[in-house]
Amino acid sequence: MSLEELIRNRTAIVAVIGQGYVGLPVAVRAAEVGFKVIGVESNVSRLEALQSCVSFVEDVSDEALVNATSLGYRAVANLGDAPVPDIIVISVPTPLKDGLPDLGFIREAALDVGEVLVKGACVILESTTYPGTTEEFLLPILCERSGLDRGDFLLGYSPERIDPGNPNFGLVNTPKVVSGIDEDSSEVVAAFFGALVDQVVPVASCAEAEMTKLLENTFRHVNIALVNELARFSADLGVDIWRVIDAASTKPFGFMRFTPGPGVGGHCLPIDPSYLAWQVRQRSGQPFRFVELANDINDHMPDYVVERVVAMLNDERKPVKDSRIIALGLAYKANSSDWRESPSLAVVRKLRELGAEVTVCDPAISKSTPVPEDIVISGVDAISGEVDLAVVLTAHDLFDWDWVARSFPLILDTRNVLRGREFLGEWL
Ligand SMILES: NC(=O)c1ccc[n+]([C@@H]2O[C@H](COP(=O)([O-])OP(=O)(O)OC[C@H]3O[C@@H](n4cnc5c(N)ncnc54)[C@H](O)[C@@H]3O)[C@@H](O)[C@H]2O)c1
């Protein structure tokens, strides 16, 4: 039976390597539509949680995991501990190391896949990476490790577009870009993801699919840098940037709303554009100036937030040293517990370097979520004693913003969440 038929009648065995923010929703969805799914996870505490049907990913509830498990989902530590898969999706991290792309996780996953890869099976890379990775980096490792040749197995790339915590768009209703290294691969990748999501968007090559993802993220990164820089100038000019953005957003064409903040975070924006910039420099020797400028502006937003805090305290004749500051929000985005690369970390650490006593509150991050060693998450209800200033860093709905507006003597709101409420303080 061909792999497309196995997909159609749901008898293909699917393995998803990496059960994080990207891999887990794909694995659960594949189980929901009828596949037997092996979720491979190397992190022991994550694996144990999955095996107990406890999800650490907002978009997958514990109930969904229980349901997926009853339908045939199984989390394992090694690909070799499970039946030989027909389709293998790789969703492992692609971080930066010393500012350069680090494909070490993809290499490790590829070595594991090569061990179990059989003729006719299909491998799909989902990790965000620079154009050329699938054909020039992943394919040779798979061939060498498995002893198979190009054409003996299928290989494709399909970037993940999920926006964790987005109530309107999830895995199923976000169109999925698909590609393959040859026609057979493209067709099988499209057939597999076509079974999981409402719409697939085939593109002509893996490099096009890889670049599509980087264009999307670089577009956001650059536009956020634009409004962040404008926010700084607007403060100097005495113009309210938030009202300007609201007004510009009334234009029904040619403008897209982006809002300023304390910087960018998460696994995508601070990292992915640098993959593209690195690749451009490697191939053409040219700097990707938009990315470098956006990195520079966004990376310095935490410094700017700290400057504003210091200036506000100064106006009250208070030094930042020994002041008591409440940081509201550690996660990099609203209604998420993801603190990776969060600009809040830089704000908190810089204020501490200046001698402030900083308490971090984040109701979206549960006590069981591991956080960096120097951070302790407190509940807002535990705040007692005198506070000099609160800085709003994440716009979680879980915060009671009316209470926040009333409760602190001075507030810097970097997210515009206190708009319409009376409070003493300033917006970014
Ligand atoms: N988080 C997002 O919003 C998002 C969105 C789109 C794309 N991406 C991209 O998807 C990729 C994965 O990101 P993520 O957010 O899911 O990362 P994550 O860190 O949440 O999950 C990756 C998981 O892979 C596991 N892992 C690493 N190597 C492994 C191996 N050899 N075998 C088994 N497990 C292994 C890790 O332990 C981890 O749990 C990255 O390239 C990222 O840029 C992320």
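Two strands count as paired when DSSP finds at least two bridges between them. Keep that rule in mind for this predicted model.

Start with the sheet of 6 strands. This sheet is open, and its order is β13-β12-β11-β14-β15-β16. The pairing is parallel. Look at the two ends of that order. Strand β13 (377–378) and strand β16 (425–427) are the edge strands, and each pairs on one side only.

What holds strands together in a sheet? Strands pair through backbone hydrogen bonds, either parallel or antiparallel.

Next comes an open sheet of 8 strands. Its order is β3-β2-β1-β4-β7-β8-β9-β10, and here the pairing is mixed. Why is one side of β3 and of β10 left without a neighbour in the sheet? Strands β3 (73–76) and β10 (200–202) stand at the edges, so each has a single partner strand.

Strand β4 spans residues 87–90 and strand β7 spans residues 122–125. The two run parallel, joined by 4 bridges. Ile-88 stands opposite Val-123 in β7. Helix α6 (residues 133–146) packs on this sheet, touching β4, β7 and β8 (154–157). The direction of α6 makes about 145° with that of β8.

Now turn to the ligand. How many residues surround the ligand? There are 27, and the closest are Val-22, Glu-41, Arg-46, Thr-94 and Thr-128. By class, the shell has 11 nonpolar, 10 polar and 6 charged residues. Helix α5 (residues 104–116) gives the largest share of the shell, 3 residues.

Some backbone atoms face oxygen atoms of the ligand. A backbone N or O atom of Val-22 lies 2.9 Å from a ligand oxygen. For Thr-128, a polar backbone atom is also 2.9 Å from an oxygen atom of the ligand. For Val-92, the distance from a polar backbone atom to a ligand oxygen is 3.5 Å. On its own, the ligand has 830 Å² of accessible area, and the protein covers 93% of it.

Terms used:
Residues are numbered from 1 along each chain as its sequence is written. This is a predicted model: local features need pLDDT of at least 70, side-chain atom pairs count only at pLDDT 80 or more; totals for chains, interfaces and linings use all residues. Side-chain values use heavy atoms; hydrogens and water are left out. A residue is near a molecule or strand if one of its heavy atoms lies within 4 Å of it. A polar contact is a pair of N or O atoms within 3.5 Å; within protein, one must be able to donate a hydrogen and the other to accept it, and residues adjacent in sequence count only if both atoms are side-chain atoms. Accessible areas come from the Shrake-Rupley method with a 1.4 Å probe; for residues, only the protein chains shown count as cover. Ala, Val, Leu, Ile, Met, Phe, Trp, Tyr, Cys and Pro count as nonpolar, Asp, Glu, Lys and Arg as charged, and the others, Gly among them, as polar. Contact means heavy atoms within 4.5 Å. Axes are lines fitted to C-alpha atoms, for helices over the stretch in contact, and angles run from 0 to 180 degrees between N-to-C directions.
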